[in-house]
Amino acid sequence: MLEKKFEDILYHSSENETIEFKAAQNNFNKHELGKYFSALSNEASLNGKEVAWLVFGVNDPHKYRETKKFIVGTQFKKEEEAMNKTKQEIKEQINNNLSFTEVVEKIIDGKRVIFFGIPAALKGIPTTYQDKAYGRTGESIDILSNYEMKKIYSQTSDDWSKKIVENATINDLNKDAINLAREKFKVKNANLADDINNWDDETFLNKAKITLKSKITNTAIILLGNPDSTSLLDNARMTVSWILKDQNNIEIDYEHFSAPMLINIDRIYSKIRNLNYRYIADDSLFPTETKKYDSYVLREAINNAIAHQDYNLNGKINLVEYPNKVVLSNVGEFLPESIEYVIDSDTPSEIYRNQFLADAMVSLNMIDTIGSGIKKMMNIQMKRTFPLPTYDISEKGALHPKVQVTIFGEIIDENYTKLLVQNSDLSLREVMLLDKVQKNERIAKSDADKLRKKKLIEGRYPNIIIASHIADLTGKKNKYLKDAGLNNDYYKALIVTMLEKYPNSSKQEVLSLLEDKLPNILDKQQKMKKVDNLLQSLSREGKIKSTGRGLGAKWIKQ
């Protein structure tokens, strides 16, 4: 017998933003199911519903030009094991650790109907499938619109940074920090310089929107507070830890910084060993000399971590310095859909976790106009022909999420650097893709095809590298050959020669011969597969044969 909620869905509800009927008589594409999960979850959030419903085994009246629904039944994942596997696969591709609230099968008029319960998106965080947020557009699903995305972002809980700190007074703020804030505020408001000079501290702090009606906010403590005033923050901490590690990942020095952050940003920055770095940027005999790190990029990254930190999680900000890079991390979700979304968007993000704090930091010239800093950091590194900052937001939806950015202080692949020098018309999006290639990060097949069309990469997908003609132009053929590998005929000749001298050699022994000659971009497993393919090819050509099977197989020359 149908429970009332399922009866209401089936008989008393029309298809709408939070209820979808599908016939799915024989099967249903898994990826489409994932997209519907994302779309219905987001629509539930936008429409104030706790749960949305996807129903299999019931026709879509619009599709079949019917005036009402009728039950057709579904064969989708009839076995419990198959259904559980599909549920798990969908969950692994959905952010925020969301899963179906329930999956209920009912036999109605002798036909099987499945009700999928889909939870509403978490407050302030759109639900994504494979890192894309979907929504309903009429009768179909599509990428969630910017307007709807912002509506979900705006559902975040009360702004922690705006809250009043009970029992705190202006005496808990650092006088030097207040004076520095006044000077920075004058830079942003030069037309008010005379007025600002005449304001007392209380008036200035109110006008600069650091305090509220002369009451001390969490923002005021973070930016201007005395070190001991951070104990007044409710279940939160304000700590930035600088940690120095050597090339073996061994910690050799550290220091912790607290409020006032307006002053301590300079102290944190001064800890980083920003030495001179020389590299060849073109075909000139003279090297380019620059600092390992651009000042703006480092400061923007540190300030962004302070602005984006989820202080409710009571974590700290870590800045780990290695010989060739700086890794900065803060706790909390990365609110925009992705880094690519931030870069491609024509307008800055309008949503910040700590809006009050971010606005204050903008007014004090600590960060750029909200949302534009990441794009500017990318452009600076691109113009320097250095690797772009790498953002790791893979912990979205985790119990303790964090955002990590890596800023590189040296060249990774000289071919990438030469390419940027020789192709100044490359878009930032193209440079981001090439940057991933040099870091051996996988890019989408469609993106690889676009780069290949411009002759910027080569190699069989996904094992692609910067194109060989770049290496030719730069005189760095040796490195290219190590990355790309040599001709298969060369490898085969080596194998035949080896078997002439050492018959009954195993596949592992052949791998030992070729390992340092195979492409650097292949891992151990891929190199073993390459050797296996070479052996099989020689066997088909009648040049060698196997004297056994499986792990004990040996090879001899015919």
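Guide: A salt bridge here is a side-chain nitrogen of Lys or Arg within 4 Å of a carboxyl oxygen of Asp or Glu. The model is a predicted one. A search through the whole structure finds 23 salt bridges.

Take E289 and R278 to begin with. They form a salt bridge in which the closest N and O atoms are 2.8 Å apart. E289 belongs to strand β11 (residues 288–291) and R278 to strand β10 (residues 276–279), so the pair ties together parts that are 11 residues apart in sequence. How exposed are the two partners? The cut-offs are under 20% relative accessible area for buried and over 50% for exposed, with partly exposed in between. E289 has a relative accessible area of 45%, so E289 is partly exposed. R278 has 58%, and therefore counts as exposed.

A second pair joins two helices. The side chains of K507 and D532 meet in a salt bridge at 3.6 Å, N to O. K507 is in helix α20 (residues 507–514) and D532 is in helix α21 (residues 524–540), so this pair ties together parts that are 25 residues apart in sequence. K507 is partly exposed because its relative accessible area is 30%. D532, at 21% relative accessibility, is also counted as partly exposed. Elsewhere, salt bridges that share partners join E20, K22 and R136 into one network.

R112 and E105 meet through their side chains in a salt bridge of 3.0 Å, N to O. R112 has a relative accessible area of 9%, so R112 is buried. E105 counts as partly exposed because its relative accessibility is 41%.

K184 has its place in helix α5 (residues 175–188). Its relative accessibility is 28%, so K184 counts as partly exposed. Leaving aside neighbours within four places in sequence, K184 is in contact with L262, S363 and L364. One of these, S363, is 179 residues away from K184 along the chain, yet their C-alpha atoms are separated by 7.9 Å.

Now the strands. In β8 (residues 240–245), six of the six residues are buried, and the strand is mostly covered. V240, W242 and L244 point one way from β8, while S241, I243 and K245 point the other way. K245, a charged residue, is thus among the buried residues of the strand. β8 pairs with strand β9 (residues 251–257) in the antiparallel sense, over six bridges. Across that pairing, K245 stands opposite E251. The two strands form a hairpin with five residues between them, and in the turn N249 has a positive phi of about 65°. β8 is also joined to strand β12 (residues 317–321), by five bridges, and these two run parallel. There, L244 has E321 of β12 as its bridge partner.

Another set of strands forms an open sheet: three strands in the order β5-β6-β7, with antiparallel pairing. β5 (128–129) and β7 (140–143) are at the edges with a single partner strand each, so one side of each is left without a neighbour in the sheet. β5 pairs with β6 (residues 132–137) over two bridges in the antiparallel sense. T128 has A133 in β6 as its bridge partner.

The last topic is empty space. Rolling a probe the size of a water molecule over the atoms shows where empty space is left. The largest pocket holds about 1,200 Å³ of space. Its lining has 40 residues, and Q130, D131, S338, E340 and K436 are the closest to its centre. Several elements give two or more residues to this lining: α3 (80–93), α11 (339–344), β14 (390–392), α15 (428–438) and α16 (445–453). α15 gives the most, with five residues. What kinds of residue make up the lining of the largest pocket? The lining divides into 14 nonpolar, 11 polar and 15 charged residues.

Technical notes:
Residues numbered from 1 in each chain as written. Predicted model: local features only at pLDDT ≥ 70, side-chain atom pairs only at ≥ 80, totals over all residues. Heavy atoms only, no water. Buried < 20%, exposed > 50% of the residue type's maximum accessible area, 1.4 Å probe, protein only. Helix = DSSP H or I, 4+ residues; strand = E, 2+ residues; numbered from the N terminus. Pairing = 2+ DSSP bridges. 1 Å grid on protein atoms, 1.4 Å probe; cavity = no way out; pocket = protein on both sides within 12 Å on 5 of 7 lines; lining within 4 Å. Points joined across faces, edges and corners; volume = space filled by probe spheres on them. Contact = heavy atoms within 4.5 Å.
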